[in-house]
Amino acid sequence: MAATLTATAPTPARSRKLLASRRTRVGILYALPVVVYLLVLFVYPIFSTLFLSLKNTDGSLTLHWYADALTGINLSVLFTTLRISAETALFSLLFGFILANAISRLKPLWAGVAMLIVVVPHFISALVRTYGWIILLGDKGLVNETLGWVPGAPFQLLYNEIGVVIGTTSVMLPYTVLLLYGVMRGVDRRLLAAAASMGAGRVTIFRRVYLPLVAPGLASAGLLSFILSLGYYITPALMGGPNQTMIASLINQQVMKQNQWNGAAAEGVILLLLTFAGLLLVRLITSLGASRKKRSAS
């Protein structure tokens with residue numbers, strides 16, 4: 001009888017194995033809705049768009065739509081999108097760096113209030129904020145009324161590249177400030193004090209100590225602003241002119257006015273590839289920054 005009980009009793013290793021398999025089944029069961037959600041709303045649309053961009057009017061496979069997207073006016077729109085996105089990223093970094101650097105030097109209470117002021121406007125509809133900028137930058141707006149004494153006023157600040165960059169920069173600025181604030185808050189101020197105690201000036205401290213420490217955050221924030229600007233639609237469409245047509249507006253025109261879904265799909269795939277390339281670059285820069293921190297710590 002004792003031998004029978006010993007033979008049938010599960011060993012500890014077998015019990016752990018059964019438990020692990022049970023946990024695996026439960027984990028798969030919990031993950032199944034998320035997997036289905038991603039397959040239906042993410043993977044399937046991407047592959048459908050890819051197939052549509054390779055499909056000819058007669059149903060055969062072709063690269064005609066990609067050739068059309070990379071020639072003529074479509075290529076000009078792509079270059080305009082890249083240029084405006086780069087300008088937006090540059091100005092977002094410039095103003096975001098100044099603002100985040102100032103906030104990071106405040107006491108935690110006041111820093112929280114300042115970050116609240118930066119972030120809260122972002123929760124207002126982008127359409128409302130865009131119309132606000134149109135009112136401010138108009139010929140009779142607050143900006144031109146304030147600069148009325150300057151020769152050449154009123155200035156043309158709308159329906160050109162200046163207006164588009166101003167509008168998109170205001171949208172991307174909170175993202176930049178949030179990223180840079182986290183990086184700058186994590187900088188050990190003792191390093192700056194140590195450099196100052198050794199006779200380094202402010203410019204040298206900034207260039208040789210502070211800037212290398214926040215450089216990965218600067219690169220990530222700039223690339224994030226660039227990536228988000230690539231597919232931005234509302235502000236460029238409302239504040240730009242015909243020469244500031246961006247790829248999102250072009251896709252909208254091809255679908256809504258020309259009923260050209262294949263060409264729009266090719267433009268979308270190109271935009272997606274640019275986004276993936278930017279995200280990969282962000283990941284690479286982040287990993288390089290982490291490895292640099294490890295080496296400096298060791």
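**Figure 1. Salt bridge between R83 and E161.** R83 and E161 form a salt bridge (a side-chain nitrogen of Lys or Arg within 4 Å of a carboxyl oxygen of Asp or Glu), with 2.9 Å between the closest N and O atoms. Helices (H or I, at least four residues) and strands (E, at least two) are DSSP runs, numbered from the N terminus. The model is predicted: local features need pLDDT of at least 70 and side-chain atom pairs count only at pLDDT 80 or more, while totals for chains, interfaces and linings use all residues. Residues are numbered from 1 along each chain as its sequence is written, and side-chain values use heavy atoms, with hydrogens and water left out. R83 is partly exposed at 36% relative accessibility, whereas E161 is buried at 19%. Buried means under 20% relative accessible area, exposed over 50%, and partly exposed in between (1.4 Å probe, protein chains only).

**Figure 2. Salt bridge between R190 and D188.** Two salt bridges are found in the whole structure. In the one shown here, the closest N and O atoms of R190 and D188 are 2.9 Å apart. R190 is exposed, with a relative accessible area of 64%; D188 is partly exposed, with 29%.

**Figure 3. Stacked rings of F91 and F95.** Rings of Phe, Tyr and Trp (its six-membered ring) pair if their centres lie within 6.5 Å; planes under 30 degrees apart count as stacked, over 60 as edge-to-face and the rest as tilted. The structure has three aromatic pairs by this rule. F91 and F95 make a stacked pair, with ring centres 6.4 Å apart and 20 degrees between the planes. The two residues are four apart in helix α4 (residues 72-104), so about one helical turn separates F91 from F95. F91 is partly exposed at 35% relative accessibility, and F95 is partly exposed at 44%.

**Figure 4. Edge-to-face rings of F97 and F206.** The ring centres of F97 and F206 lie 5.9 Å apart with the planes at 85 degrees, so this pair is edge-to-face. The pair connects distant parts of the chain: F97 is in helix α4 and F206 in helix α10 (residues 202-230), 109 residues apart. F97 is buried, with a relative accessible area of 15%, while F206 is partly exposed at 36%. One aromatic cluster is formed by F97, F206 and Y210.

**Figure 5. The largest nonpolar core.** A nonpolar core is a set of buried Ala, Val, Leu, Ile, Met, Phe, Trp, Tyr and Cys residues joined through side-chain atoms within 4.5 Å. The largest has 19 residues, of which F97, I103, L180, M184, Y210 and V214 touch the most other members. At least two residues of this core come from each of α4, α5 (108-119), α8, α9 (189-197) and α10. The most are given by α10, with five residues. Of the 298 residues of the chain, 33% count as buried.

**Figure 6. The second largest pocket.** On a 1 Å grid over the protein atoms alone, a pocket is an open set of points where a 1.4 Å probe fits, with protein on both sides within 12 Å along at least five of seven lines; lining residues have an atom within 4 Å of a point. The lining of the second largest pocket consists of P45, I46, F47, T49, L50, G268, V269, L272, L273 and F276. Two or more of the lining residues come from each of α2 (12-53) and α13 (261-297). By class, the lining has eight nonpolar residues, two polar and no charged. Ala, Val, Leu, Ile, Met, Phe, Trp, Tyr, Cys and Pro count as nonpolar, Asp, Glu, Lys and Arg as charged, and the others, Gly among them, as polar.

Figure 7. Most residues other than glycine have a negative phi. N259 is exposed, with a relative accessible area of 56%.

Figure 8. A86 is in helix α4 and is partly exposed at 38% relative accessibility.
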